[in-house]
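Please read them beside the coordinates.

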Amino acid sequence: MPTHRLLPLSRLRASGDPYALRVTQVREGNARGGMVLYHARAARRTRNNLALDFARTLGKNVIVTDGEPTHAQLARARYVVVDEFPTLPTPDYATHLFDGNGILPMRAMEKEQYSARFFRDRAFRLFEQFWIGMPTARVDLAFLDGYARLHNRTPKHTSGFSVALHTGELGIHELVAAVLRSGAPEEDVEAFLEQAIIRRELSFNLCHYNPRYDSLDALPAWARKTLDEHRSDRRKPVYTYDELERAATHDEVWNLAQRQLLVTGTMHGYLRMLWGKKIIEWSATPEEAHRTMVRLHDVHALDGRDPNTHAGILWCFGKHDRPWAPERPIFGTIRWMSSEQTARKVLLRDIEALLH
Ligand SMILES: Cc1cc2nc3c(=O)[nH]c(=O)nc-3n(C[C@H](O)[C@H](O)[C@H](O)COP(=O)(O)OP(=O)(O)OC[C@H]3O[C@@H](n4cnc5c(N)ncnc54)[C@H](O)[C@@H]3O)c2cc1C
């Protein structure tokens with residue numbers, strides 16, 4: 001499926017209602033309150049922020065906080081707008097949840113989507129309705145030139161934006177606006193938007209619609225079945241959580257990926273896939289492998305606790321993927337990856353350079 005149909009985004013006109021499907025009123029306002037409080041817990045910025053724009057439609061006097069609101073603030077607030085984020089619970093003080101997470105509101109897709117292909121097909125039809133033009137983010141896009149060919153090969157051609165997108169210091173609308181106006185080669189823009197829109201929003205779709213997103217129960221039936229059929233296969237070696245955390249395995253490619261996580265709080269995208277696959281290979285059960293991956297992210301990843309964390313981890317177990325031949329020990333028909341091939345594909349010295 002070519003991704004070039006994403007490009008017309010830049011030529012779309014803003015939809016009539018920028019808040020369509022983004023606002024959920026969960027409680028009545030406090031009639032005695034005077035101001036509007038906006039708790040920016042996922043979109044931590046005051047520029048180019050749809051939720052803040054919405055809060056301003058509720059009243060003139062708007063206070064913004066990126067931490068838990070105080071008792072005094074809540075007592076004075078007529079309305080409390082809170083960022084909706086699929087891995088965070090709804091606080092009982094919210095009057096409105098605002099979903100500013102994606103180019104598409106999460107509810108634009110009415111249910112969980114099976115794969116990137118299904119998501120992409122539907123997304124292309126919906127962009128026209130939901131695209132909102134925005135001023136551009138002030139970000140360095142030098143990495144973009146060559147992204148399509150090189151992003152799996154070297155961190156020099158990845159954005160490193162996952163932390164800022166997770167904290168909301170960078171918004172997806174302002175980022176996409178900047179990318180569309182960057183003048184970078186079309187194939188690089190397309191390849192980047194495939195990750196930043198399609199892959200990222202597929203993760204939000206998973207966590208919004210599947211309450212079991214943090215467990216192997218969220219896997220498709222074929223993946224659960226093949227993992228079960230290989231449950232008693234011999235694992236050798238099996239590493240403890242502690243050994244994995246310390247990057248103390250026999251596999252230097254894997255250790256490098258883990259060290260990158262420990263030192264920088266993130267990991268290069270291609271290495272991250274290998275990292276997860278090997279944890280499956282070296283854990284006593286698939287469930288233990290899953291727990292280990294989530295815990296290592298919870299403890300060490302600055303971009304962790306994100307829908308992308310859960311979708312990325314589940315992808316290692318077959319989520320949003322398909323069966324692959326040949327059937328192998330431990331993995332069954334789940335895609336397997338090799339450290340040797342990864343070492344040939346990724347410029348490991350570029351990763352090493354990030355650690356000093
Ligand atoms: C096991 C595993 C765990 C992962 N954990 C996380 C995580 O905790 N947080 C996280 O943000 N991403 C996670 N990912 C997805 C992906 O690896 C990272 O988003 C990407 O490597 C971040 O680096 P970047 O910002 O330089 O990416 P770029 O290549 O520059 O991509 C730009 C943006 O697109 C989005 N994106 C890129 N690849 C993916 C993808 N495969 N799925 C969803 N969105 C994507 C991210 O928001 C990213 O910041 C995980 C993937 C795997 C396989």
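**Notes on the predicted model**

1. Four residues of helix 1 are buried: Leu50, Ala51, Leu52 and Ala55. A residue is buried if 20 or more other C-beta atoms lie within 10 Å of its own, exposed if 12 or fewer, and partly exposed in between, with C-beta atoms placed from the backbone. Helices (H or I, at least four residues) and strands (E, at least two) are DSSP runs, numbered from the N terminus. This is a predicted model, in which local features need pLDDT of at least 70 and side-chain atom pairs count only at pLDDT 80 or more, while totals for chains, interfaces and linings use all residues. Residues are numbered from 1 along each chain as its sequence is written.

2. The buried residues of helix 1 pack against strand 2, strand 3 (62-65), strand 4 (77-83) and strand 5 (96-98). Contact between two residues means that their C-beta atoms, placed from the backbone, lie within 7 Å.

3. Ala55 lies in helix 1, which covers residues 50-58. Ala55 has 25 other C-beta atoms within 10 Å and is therefore buried. Leaving aside residues up to four places away in sequence, Ala55 touches Val36, Tyr38, Val62 and Val81. Ala43 is 12 residues from Ala55 in sequence, and the C-alpha to C-alpha distance is 13 Å.

4. Arg32 sits in the loop between strand 1 (23-25) and strand 2 (35-39). Arg32 counts as exposed because it has 9 C-beta neighbours inside 10 Å. Between Arg32 and Lys111 the separation is 79 residues in sequence and 38 Å in space, C-alpha to C-alpha.

5. Which elements cover the buried residues of helix 11? They include helix 9 (241-245), helix 10 (252-264), helix 12, helix 13 (307-316), helix 14 (339-345) and helix 15 (348-353). Because 11 of its 13 residues are buried, helix 11 is largely enclosed by the rest of the structure. The buried residues of helix 11 are Tyr270, Leu271, Arg272, Leu274, Trp275, Gly276, Lys277, Lys278, Ile279, Ile280 and Glu281.

6. The length of helix 11 can be checked against its residue count. The expected span of a helix is 1.5 Å times one less than its number of residues. For the 13 residues of helix 11 this should give 18 Å, and the end C-alpha atoms are 19 Å apart, which agrees.

7. Helix 11 (residues 269-281) and helix 12 (residues 286-300) have axes that come within 8 Å and cross at roughly 140 degrees. Axes are lines fitted to C-alpha atoms, for helices over the stretch in contact, and angles run from 0 to 180 degrees between N-to-C directions. Helix 11 and helix 12 are therefore oblique to each other; angles under 35 degrees count as roughly parallel, over 145 as roughly antiparallel, 65 to 115 as roughly perpendicular and the rest as oblique. On the helix 11 side, Gly276, Ile279 and Ile280 meet Pro286, Ala289, Thr292 and Met293 of helix 12. By class, this contact of helix 11 with helix 12 has five nonpolar, two polar and no charged residues. Ala, Val, Leu, Ile, Met, Phe, Trp, Tyr, Cys and Pro count as nonpolar, Asp, Glu, Lys and Arg as charged, and the others, Gly among them, as polar.

8. Helix 7 (residues 186-209) packs with helix 13 at an angle of about 90 degrees, their axes being 8 Å apart. That makes helix 7 roughly perpendicular to helix 13. Helix 7 contributes Arg200, Leu202, Ser203, Phe204, Leu206 and Cys207 to the contact, and helix 13 contributes Pro307, Asn308, His310 and Ala311. By class, the contact of helix 7 with helix 13 has six nonpolar, three polar and one charged residues.

9. Most residues other than glycine have a negative phi, and most peptide bonds are trans. The bond joining Lys236 and Pro237 is cis, with omega about 0 degrees, and Pro237 lies in the loop between helix 8 (221-229) and helix 9. A cis peptide bond also runs from Ala325 to Pro326, with omega near -5 degrees; Pro326 is in the loop between helix 13 and helix 14.

10. Ala247 is not a glycine but has a positive phi of about 60 degrees. Ala247 is found in the loop between helix 9 and helix 10. Ile330, also not a glycine, has a positive phi of about 65 degrees and is found in the loop between helix 13 and helix 14. Ala247 is partly exposed, with 18 other C-beta atoms within 10 Å, and Ile330 is partly exposed with 18 other C-beta atoms within 10 Å.
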